[in-house]
Amino acid sequence: MTAWLVRRVAAAIAIVWAVVTVTFVLLHLAPGTPFLPAAETPVDPAVLQRLRSQFGLDRPLPEQYARYLREIARGNLGESFALHRPVADALAEALPNTLTLAGAALCIEFVLGLALGVYQAARARRLGDLALGNATLFLYSVPTFWMGLLLLLVFGQWLRWFPVGGVVDVVTHESLPWAGRVADRLWHLALPAGTLGLVGAAGTARFERAAMLEVLGQDYIRTARAKGLPERRVVLGHALRNALLPFVTLFGLAFPFLLTGAVLVETVFAWPGMGRLAAEAIFRRDYPVVTAAAMLAGGMVVLGSLLADLLYAAADPRIRTGDG
Amino acid sequence: MTEPLLRVRDLKTYFVTERGGGTARAVDGVSFDVYPGETLGIVGESGCGKTVTSLSILRLIPEPPGHILSGSLIEFEGRNLLTLRPPELRAIRGNEVAMIFQEPMTSLNPVFTVGDQIAEAAIVHQRLPRKQARARAIEMLRLVGIPDPEERVDHYPHQLSGGMSQRVMIAMALVCHPKLLIADEPTTALDVTIQAQILELLDRLQAELGMAVLLITHDLGIVAGTSDRVVVMYAGQVVETAATPELFAHPLHPYTEGLMAAVPRIDTRVSQVRGRLHTIPGQVPAASGWPAGCRFHPRCPYAWDRCTAEEPPLLDAGRGEPGSHAVRCWLLTEPRRRTPQA
């Protein structure tokens, strides 16, 4: 177990390093330079030159890369070109927002997706299953940002049930009591988390339906029925427990999906998270921010799949004892 | 005469085949009785409908595609299981009628301990508290001859061998002391030595607990050693039924004859079988298109024109008590035709 963990952590570090390297190379290969995004207003070449040398951009690329890795190893993520503040500060501000959004979306995705999938499997090929099957297929096919815009239009603009953007109500938030602030945050969270969660839940439901159907055809389900167990106990006890196993692996895959989805959703809902930070940094060619964001995202994905493996081991006795 | 524990009359279980249209008549008018405490063996080749028959009794046939036709009767202690509402049926499943299956390894749920799986039926049917149910599970494991039951109770199925798994299945089935145990090919997936142990165990438990056993198998040897009476099935129908000694001494249906000839005998000299084992030519036809007339006629060495035209009913062989030995064959009406053609 310890050896396994050490190997996994070593692999995780290697993957994050690869992500950093690829991002670094791609960024410098891409057209455009920092400090000159639009090039509409002429900038004094002397000023530009000074900025470039100040950030070390006039050095050969391998030297820049080596220096960057050295700084990262020391825990220094560098200074943002555009935000005029340390990258670490900007990330630290954005990360909790993204984690809140991703966490809420994950809850919606798994709870709703599981419930729908199990319901569909138990009612397989009947009307309810067919209707939900088509609905989830539609939701699954829809681009996340389009879904976000749709919800924004309907619930934010027309019905005015939810705010159209932001994390809190900037005017009233500070004056609210403790419970009110929580409610305010949840109220703002509803649409973006709903968007991400709904699209994710559609995929999860389809996956879980298939997993459940496969399990329901197994011999041990017949055994459970032959024992005289109520159907609810057969489905929710004997079948679901087995159908959750592949699902745990899905958890590892859901995480990257949520992070990429977050980039679009955060942009649509003006949610000051990692995704929006990274997206804006890309347009400004803000190299240190982009690389650090990619590194953090890569780290979280690796961590997510590591967590999934640990959960899998906890859920499946055949893996737990290591002799399956 | 005692009342039968289980009466099956004219059981018809059909399946709608893939791509619609066709109907597979897997079980097509099967009748038999099981008396308290006896062992009834149902024998036949793969595809003859014996497993579907056994699953139909507790209504474990997946519906759709399967369905049991109205007009069928499955009566357990006077109650028709086919008309029971789901809660009433559940009160019988695993409690009064229990079942064990062919593949013990896949019939146990991999994510629960064997103790939990054995205790479950006792918790559901007898409302035993968890702790007592666990004690019962240990007691059952000891009863079926599993060493170190206190330790094994917390093991998962993947930690058991095939023979151990089948013992666990038996423990699970018997935890509520059922009056009838349906054993569907209980030893087919096991090694021969383990087979013998499991059959011995079933025999001992039957004597101790006084239950009836419906034993489904393709192996005449198993039937000979364990069953009081035998039902031979072919193509979804009963073709012959008799007490075990009678059947082995006087097999009357050509199919039964063929089955017996196909069993290697340790006391037969190789010269007598000319180094080759007898086989019944051909295969069991598909259930979606049974042959017209007698369903066995394409494979029968004695078949004549009547067999292709007219389906024989179950005829009394006139041996012993009326109805004790019945055969679905026209040969009974024209015994002189029983001369080998080939």
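Strand 3 (residues 39-43) of chain B is largely enclosed by the rest of the structure, because five of its five residues are buried (20 or more other C-beta atoms within 10 Å of their own, with C-beta atoms placed from the backbone). This is a predicted model, in which local features need pLDDT of at least 70, side-chain atom pairs count only at pLDDT 80 or more, and totals for chains, interfaces and linings use all residues. Residues are numbered from 1 along each chain as its sequence is written, and chains are lettered from A in the order in which they are written. Helices (H or I, at least four residues) and strands (E, at least two) are DSSP runs, numbered from the N terminus.

**Strand 3 and its partners**
- B:Thr39, B:Gly41 and B:Val43 point one way from strand 3 of chain B, while B:Leu40 and B:Ile42 point the other way.
- Strand 3 pairs with strand 9 (residues 212-217) of chain B in the parallel sense over five bridges (pairing needs at least two DSSP bridges), and B:Ile42 has B:Ile216 as its bridge partner there.
- Strand 10 of chain B also runs parallel to strand 3, joined by four bridges, with B:Val232 opposite B:Val43.

**Helix 11**
- In helix 11 (residues 254-261) of chain B, the buried residues are B:Pro254, B:Tyr255, B:Thr256 and B:Leu259.
- These residues pack against helix 9 (220-226), strand 10 (229-234), strand 11 (237-243) and helix 10 (244-249) of chain B.

**Where chain B meets chain A**
- 22 residues of chain B are in contact with 19 residues of chain A (C-beta atoms within 7 Å).
- On the chain B side, the largest share, four residues, comes from helix 4 of chain B.

Methods. Buried ≥ 20, exposed ≤ 12 C-beta atoms within 10 Å, placed from the backbone. Contact = placed C-beta atoms within 7 Å.
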